[in-house]
Amino acid sequence: MYAKLETRTFLAMLVGVTLAFVLLMKPFVGPIFWAIAIALIFHPFQVFLVRRLGDRPNINALITLTVCMLIVVIPVLLLVTSLVSEGLGIYQQIQDGNIKPGEYIDQVSKSFPGIQTFLAQFDVNFSEIRDRVVSLFVGGSQFLAKQALGIGQNTFQFFLGLALMMYLSFFLLRDGSKLIELMIRALPLGDERERLLFAKFAEVTRATVKGNLLIAIIQGALGGIIFWILGISGALLWGVVMAIFSLLPAVGAALVWVPAAIYLAAVGDIVHAVVLTIFGVVVIGLADNVLRPIMVGRDTKLPDYIVLLSTLGGLAMFGINGFVMGPLVAALFMAFWGIFIREFSEEAQRVETTGDEVG
C-alpha cells in the first residue's frame with residue numbers, strides 16, 4: 001500500500017515538474033521547434049558526412065550547421081529584410097497619397113459594372129467589400145511598417161532567438177539519435193508505437209517544411225519575375241507576398257496575381273492582363289497543383305483537404321509556425337488513431353477467435 005502511494009506521489013510530482021518545465025520553455029517554442037526541424041531536414045546530410053568523414057560528431061554537426069546557415073538562414077534573413085523594407089516604402093507612399101487602393105478598386109468597378117450586379121444577387125454590398133479590401137491593404141502595409149520598427153527595436157531579442165535556434169540545432173544534429181533512444185526508453189507507450197510515432201513526426205516535418213517552403217519559393221519567384229517583366233511596381237514585395245500566401249494549399253498565390261490581372265484589364269492593359277492570367281494559371285498554378293501533392297501530400301500520407309484544413313488551422317493557432325505544426329498535428333492524430341484501430345481490431349479478432357474456440 002505504501003509502495004503504491006510512493007509511486008503515485010512520484011508520478012504526480014513528475015507530471016507537475018514536466019508541466020512547469022514546459023511553461024518555462026514556452027517563450028522559446030519557436031526557436032526550439034525550428035531547431036528540431038533543421039535537425040530533421042539536414043539529418044540525411046549528417047549521415048552523408050558520417051560516411052565520408054567518419055564518426056566525428058562535433059565536426060560533422062558544425063559542417064551541417066554551416067551549410068544550413070549558408071543555404072537557408074542567411075537567404076531567408078535577406079529576403080525578410082527586403083520584404084520589410086518594401087512594405088515600409090509602400091506604407092509611406094499610401095500615407096503620402098501616392099498609392100490609393102480605393103481608387104484602384106473603383107477603377108475595376110467602373111470598368112466591370114457587372115461585378116456589382118452579380119454581387120447584388122447574393123445580397124453582397126460592393127462598397128463594404130471595397131472598404132474591407134482597402135482596410136486590409138492599409139493594415140497589411142502598416143503591419144509591415146510596425147514589423148520594421150519592431151525588428152529595429154527588438155534586434156537583440158531577434159538575434160537571441162536566432163542564436164538559440166542555431167545553438168540547439170548543433171546539439172540536436174550531434175546527439176539527436178541518442179535523444180530519441182532516450183525518449184523511447186522513457187515514454188510508456190511501447191517501443192514499437194514510439195518508433196512509429198517518431199518516424200511519422202520526422203516524415204511529416206521534413207515533407208511539410210521542405211515541400212511547402214520549396215513550393216513557396218518557386219511560386220514567389222515566378223510571381224515576382226512576371227510582375228517585374230510586366231512592369232508592376234513592387235515586384236519583389238508581391239513576389240514575397242505570393243510566397244507567403246502559397247503556404248495555403250489550393251488558393252495560394254492566386255490571391256495576389258488574380259486581382260492584379262483584373263486591375264490590368266480594368267485599366268485597358270488587356271495584353272498584360274492576358275499574359276499574367278495565362279502565366280498564373282499554367283506556370284504558377286502548375287507548381288501548386290503538381291508539386292504540392294508530390295512533395296507534401298504523398299510524403300505525409302495526408303489527403304489534400306486535410307493538408308489544407310490543418311494548414312489553415314495551424315496558422316490560426318500557432319501563427320507562421322502553423323504551416324508546419326498544423327499538418328504535423330493532423331498526421332500525428334491520424335497515426336495515433338491508426339495504431340488504435342489496428343491494435344483494437346487485432347485484439348477484437350483475437351477475442352472473437354478465442355470465443356469461437358471455447359464455444
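Mentor: Start with the nonpolar patch on the surface. Leu70, Ile71, Val72, Ile74, Val76, Leu78 and Val80 form it, with about 610 Å² of accessible area together. Patches take residues with over 30% relative accessible area and no salt bridge; like charges are joined within 9 Å, and nonpolar side chains (Val, Leu, Ile, Met, Phe, Trp, Tyr) within 5 Å. A salt bridge is a side-chain nitrogen of Lys or Arg within 4 Å of a carboxyl oxygen of Asp or Glu. Accessible areas come from the Shrake-Rupley method with a 1.4 Å probe, and for residues only the protein chains shown count as cover.

This is a predicted model: local features need pLDDT of at least 70, side-chain atom pairs count only at pLDDT 80 or more, and totals for chains, interfaces and linings use all residues. Residues are numbered from 1 along each chain as its sequence is written, and side-chain values use heavy atoms, with hydrogens and water left out.

Now pick valine 72. It sits in helix H4 (residues 57–96). Helices are DSSP runs (H or I, at least four residues), as are strands (E, at least two), numbered from the N terminus. Valine 72 has a relative accessible area of 34%, so it is partly exposed. That class lies between buried (under 20%) and exposed (over 50%), with a 1.4 Å probe and protein chains only.

Step back to the chain. It has 14 helices and 0 strands. Of its 359 residues, 32% count as buried. Its accessible surface comes to about 22100 Å², and 70% of that belongs to carbon and sulfur atoms.
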